[in-house]
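Keep the sequence and the 3D view open as you read.

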Amino acid sequence: MNGKRMFGTNGVRGVIGEMMTPDLVLKIGAALGSMRKGTIAVGRDTRTSGEALAHALKAGLLMTGCDVVDVGILPTPALQYIIKTNRFAGGAMITASHNPPEYNGVKIIEADGTEMSDDEIIKLEDRFFAGEFSVAPWDGVGAEAAAPDRIEEYIQAVVGHFPAGIGEGMTVVVDPGSGPAALTTPIILSRMGCRVHTINARLDGTFPGRLPEPTPEGLQPLSEMVVATGADFGVAHDGDADRAVFVDTIGRYIEENYEFGLIEDYVCSRNGGGLVVTPVATSRLIRDIAERHGCTVDYTPVGSIYVARRMIELMGRGEKVSFGGEGNGGLIYADHQFCRDGGMTAAMMVAVLASHRGRKLSEILDELPAYHLVKEKHHTADPAALVRAMEEAFSGETIEKIDGIKIVRDNAWALVRASGTEPMIRIMIEAKDQGVADAMYEEIMRVVRQV
């Protein structure tokens, strides 16, 4: 079976009017409808092109005889929750997640709320490229229903996860970035008892306040508002709100591995042992905190879908899985649903602070072990050859090959892997000592220069 030709790790994405067109999306809908007969839920983020692409997707589904429930604008995890709990045959989300406004895309969701697996995506692509669609006759085409109120099911599920009033006395600033989290996160935190201020909370697919990817620079106004209002923390989302990132009490951007560590500490302390599932690119901090609570880390390839499916696989074997996620603000809660969920992560930070009984988030963060992380990209015509060269150059050391090449030392590690979307390699190095990290980076770059 060949690899994927069009879809990446999290769906298919492209620039509107170039690669991403209504014609392409209609065919994706027809391929999905040919594979998953039944009722399909469709949602979208706030992008200006979302409405056109949603109509195209629905047309493709309807022509194959599927019924469609259009749940409107909502976060991707809200759509995933609705699909899972209402037993839809599947779903599709029109979103380009953190990409700039000119992009859009499609994520395909299975009946259990997870993103479609690589094997099934390859089958969908085969249908797409061959034009093999099971088009229904005139008396068998599907019907469409609108259900924008279904978003309330997701809000209630997140709020119901926590004791009533857990956020009382807390002030929080929410930056949905003009994306669909504007319809969920402020309401979730308010219902938990928090006093909520917002910034960039108007739905606007031109993203006037900041780009959909939450960066330290883009979140400067959020940081300023946290400090000005004396808030306990600020939370921001990407374009489809499957991720959440934070700024602390004094307005500092919290590096996402530390966000993971904080919430992991809270979850694992209440679960008593078990497994924490995360990609090979995640900080050693996650292992440190897991060990603190008698948990073990299980590593996967990079990508939230691999984390989610590994969690399901392990639990299916009777293993205890406490937590999962990536070091990019995408965290997965096994007792909620098997996907990254930014709304649940925002709510979980309220619970973390409540458990520390009035201590400031900045103080709690400063107590976590400090690691230095080096992240670089290197463009190359043959990424696979470079990865092979690394394996050869470091063959005398401990090497893991879960995804690319990971060189593991007592005081540091380095990961070299081919990008799934561009002709380049990604290099990550981590150590407690900055000098050690820099020296290992130089070793890696010597091999890169030789190749």
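How do the residues of the lining of the largest cavity divide into nonpolar, polar and charged? They divide into five nonpolar, four polar and four charged. Here Ala, Val, Leu, Ile, Met, Phe, Trp, Tyr, Cys and Pro count as nonpolar, Asp, Glu, Lys and Arg as charged, and the others, Gly among them, as polar.

## The model

This is a predicted model, in which local features need pLDDT of at least 70, side-chain atom pairs count only at pLDDT 80 or more, and totals for chains, interfaces and linings use all residues. Residues are numbered from 1 along each chain as its sequence is written, and side-chain values use heavy atoms, with hydrogens and water left out.

The mean pLDDT of the protein chain is 96. That score is the predictor's confidence in each residue, from 0 to 100. In this chain, 99% of residues reach 70 or more. Among the elements, helix α6 (residues 185–191) has the highest mean pLDDT, 99. Strand β15 (residues 372–379) has the lowest, 93. Helices (H or I, at least four residues) and strands (E, at least two) are DSSP runs, numbered from the N terminus.

## Two cavities

Rolling a probe the size of a water molecule over the atoms shows where empty space is left. The search uses a 1 Å grid over the protein atoms alone. A cavity is a set of points where a 1.4 Å probe fits but cannot get out. A pocket is an open set with protein on both sides within 12 Å along at least five of seven lines. Lining residues have an atom within 4 Å of a point. Grid points are joined across faces, edges and corners, and a volume is the space filled by probe spheres set on the points.

The model has two cavities of 30 Å³ or more. The largest cavity holds about 100 Å³. It is lined by 13 residues, and Thr9, Gly11, Glu115, Met116 and Ile121 are the closest to its centre. Strand β5 (103–109) and helix α4 (118–130) each supply at least two residues of this lining.

The second largest cavity has a volume of about 40 Å³. Its lining includes Gln80, Thr114, Phe338, Cys339 and Arg340. By class, that lining has four nonpolar, three polar and two charged residues.

## Helix α10

Which helix gives the most to the lining of the second largest cavity? Helix α10 (residues 304–316) does, with three residues. Ser304, Ile305 and Ala308 are among the residues that line this cavity. In α10, Ser304, Ile305, Val307, Ala308, Met311 and Leu314 are buried. Buried means under 20% relative accessible area, exposed over 50%, and partly exposed in between (1.4 Å probe, protein chains only).

The cover over these buried residues includes strands β11 (274–279), β12 (295–300), β13 (321–325) and β14 (331–332). Helix α10 has 13 residues and reaches 18 Å from its first C-alpha to its last. That is close to the 18 Å expected at 1.5 Å a residue. The expected span is 1.5 Å times one less than the number of residues. Just after α10, Gly318 takes a positive phi of about 90°.

The largest pocket has a volume of about 1800 Å³. Of its 50 lining residues, His98, Val302, Asn328, Arg417 and Arg426 lie nearest its centre. Elements that give two or more residues include α8 (256–271), α10, β15 and β19 (424–431). The lining has 17 nonpolar, 17 polar and 16 charged residues.

The second largest pocket has a volume of about 220 Å³. Helix α8 gives the largest share of its lining, four residues. Tyr266, Val267, Arg270 and Asn271 are among the lining residues. By class, the lining has seven nonpolar, three polar and two charged residues.

## Buried or exposed?

Met424 lies in strand β19. Met424 counts as buried because its relative accessibility is 0%. Among the residues that Met424 touches are Lys377, His378, Arg417 and Ala418. Contact means heavy atoms within 4.5 Å.

Arg357 is found in the loop between α11 (342–355) and α12 (361–366). Its relative accessibility is 75%, so Arg357 counts as exposed. The phi of Arg357 is near 45°, a positive value in a residue other than glycine. Asn200 also has a positive phi, about 55°, although it is not a glycine. Asn200 lies in the loop between β8 (195–198) and α7 (220–229).

Terms used: Lists of a residue's contacts leave out its neighbours within four places in sequence.
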